[in-house]
Amino acid sequence: MTKGKSPIIETRGLKVHFPITAGVIRDRVVARVKALDGVDLVMDPGKIVGLVGESGSGKTTLAKTLLLLEKPTQGNVFFEGKDLQKLKKDELKAYRLKIQAVFQDPFASLSPRLKIRNIIGEPLEAAGWVDKETSKSKIAESIRMVGLDAGLLNVFPHELSGGQRQRVAIARAISTEAEIIILDEPTSALDVSVRLQIVQLLMELQKKLGLSYLLIGHDLAVVAHMSDEIAVMYLGKIIEYGETREILEKSGHPYTQALISASLPSHPREKKERTVLSGEIANPLDVPEGCRFHPRCVHKKPICCEQEPLFRPTAENHQVACHFDFP
């Protein structure tokens with residue numbers, strides 16, 4: 001895929017395969033879990049890219065790979081045109097500051113032993129990026145930007161509500177002057193009453209700071225509300241990619257259409273034809289031949305079982321990996 005002239009993040013043919021070993025000393029590889037199996041993704045600066053798909057599609061593995069928590073088996077990740085595998089130690093440290101994450105469960109992602117002040121300043125201290133006074137200033141500025149009182153800097157996470165804890169997680173992410181933030185279902189563990197507040201905060205920060213978000217989720221309605229572009233993942237690959245409106249109105253892949261039909265209608269009186277998928281996503285240990293979605297596809301033809309479809313453009317800034325047209 002090609003999106004923009006100067007992407008902030010780009011992956012090319014990215015694969016992450018986890019070996020399954022056997023033997024007395026576990027020295028024999030008997031199979032491989034293909035968590036990512038050739039992912040091409042481009043993120044432009046200042047954009048929000050939504051990444052959707054069922055559990056087991058590879059979304060979290062992609063996020064971990066971008067965060068340098070997993071190593072690619074094959075393929076490359078580029079940051080501002082530079083291959084991460086070729087960066088020097090100091091350059092990798094700088095990259096880790098530029099890419100941060102906000103996770104699904106704000107309680108699990110915050111250390112219960114640290115005060116909020118130390119939690120927000122933790123990435124600054126780990127990087128040795130700023131002196132003590134500058135760190136204090138960054139911490140105070142970050143908590144102010146997420147709408148929390150500075151008096152909360154001296155409390156522990158258990159003393160805060162779920163929404164406050166997620167605001168702390170966001171403050172920690174922006175404290176390093178990050179350029180990219182990976183949002184792993186950042187509102188799904190929160191009460192309904194505070195979800196909209198967190199979404200609004202994230203949108204405000206994105207515009208104010210010029211951030212790029214990779215928004216991971218399984219609820220297409222929530223992702224579509226925030227995202228400029230949407231990438232649909234299925235069994236380790238991106239199978240459709242395009243501008244949000246194009247995806248919602250002219251989706252070209254049967255799987256994307258099923259996700260859309262499962263999302264809530266925009267108005268209670270709106271009538272939608274619901275597409276129900278049969279079966280479950282295949283085991284990444286045994287990826288189907290041809291199109292990996294074909295065992296669940298009601299439109300499958302013989303070619304779908306034999307030949308894997310390549311990406312093809314259906315419109316400007318919209319590509320789909322399917323043998324047929326499904327307007």
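Reader: What is the relative accessible area of Ile 20, and how should I read such a value?

Author: This is a predicted model, in which local features need pLDDT of at least 70 and side-chain atom pairs count only at pLDDT 80 or more, while totals for chains, interfaces and linings use all residues. Residues are numbered from 1 along each chain as its sequence is written, and side-chain values use heavy atoms, with hydrogens and water left out. A residue is called buried under 20% relative accessible area, exposed over 50% and partly exposed in between (1.4 Å probe, protein chains only). Ile 20 has a relative accessible area of 33%, so Ile 20 is partly exposed. This residue lies in strand S1, which covers residues 9-22; helices (H or I, at least four residues) and strands (E, at least two) are DSSP runs, numbered from the N terminus.

Reader: In which sense do S1 and S4 pair, parallel or antiparallel?

Author: Two strands pair if DSSP finds at least two bridges between them. S1 and strand S4 (residues 74-79) have five bridges and pair in the antiparallel sense, with Arg 12 having Asn 76 in S4 as its bridge partner. S4 is also joined by two bridges to strand S5 (residues 82-83), again antiparallel. There are two residues between S4 and S5, which form a hairpin, and Glu 80 in the turn has a positive phi of about 50 degrees.

Reader: How many residues of strand S3 are buried?

Author: Five of the five residues of S3 (residues 48-52) are buried, so this strand is largely enclosed by the rest of the structure. In a regular strand the side chains alternate between the two faces of the sheet. In S3, Ile 48, Gly 50 and Val 52 point one way, whereas Val 49 and Leu 51 point the other way. S3 pairs in the parallel sense with strand S8 (residues 212-217) over five bridges, Ile 48 standing opposite Tyr 213. Four bridges join S3 to strand S9 (residues 229-234), also running parallel, and there the bridge partner of Val 52 is Val 232.

Reader: Which residues touch the most other members of the largest nonpolar core?

Author: A nonpolar core is a set of buried Ala, Val, Leu, Ile, Met, Phe, Trp, Tyr and Cys residues joined through side-chain atoms within 4.5 Å. The largest one has 53 residues, and those touching the most other members are Ile 116, Val 146, Ile 181 and Leu 205. A second, separate core of 29 residues includes Leu 41, Leu 66, Leu 84 and Ile 99.

Reader: How many salt bridges does the structure hold?

Author: A salt bridge is a side-chain nitrogen of Lys or Arg within 4 Å of a carboxyl oxygen of Asp or Glu, and the structure holds nine. One of them joins Arg 292 and Asp 37 at 3.2 Å, N to O. Arg 292 lies in the loop between helix H9 (254-262) and helix H10 (302-306) and Asp 37 in strand S2 (residues 28-43), so the pair ties together parts that are 255 residues apart in sequence. Both Arg 292 and Asp 37 are buried.

Reader: Where do Glu 133 and Lys 136 lie?

Author: Both lie in helix H4 (residues 132-145), three residues apart, about one turn of the helix. Glu 133 is exposed, with a relative accessible area of 56%, whereas Lys 136, at 43%, counts as partly exposed.
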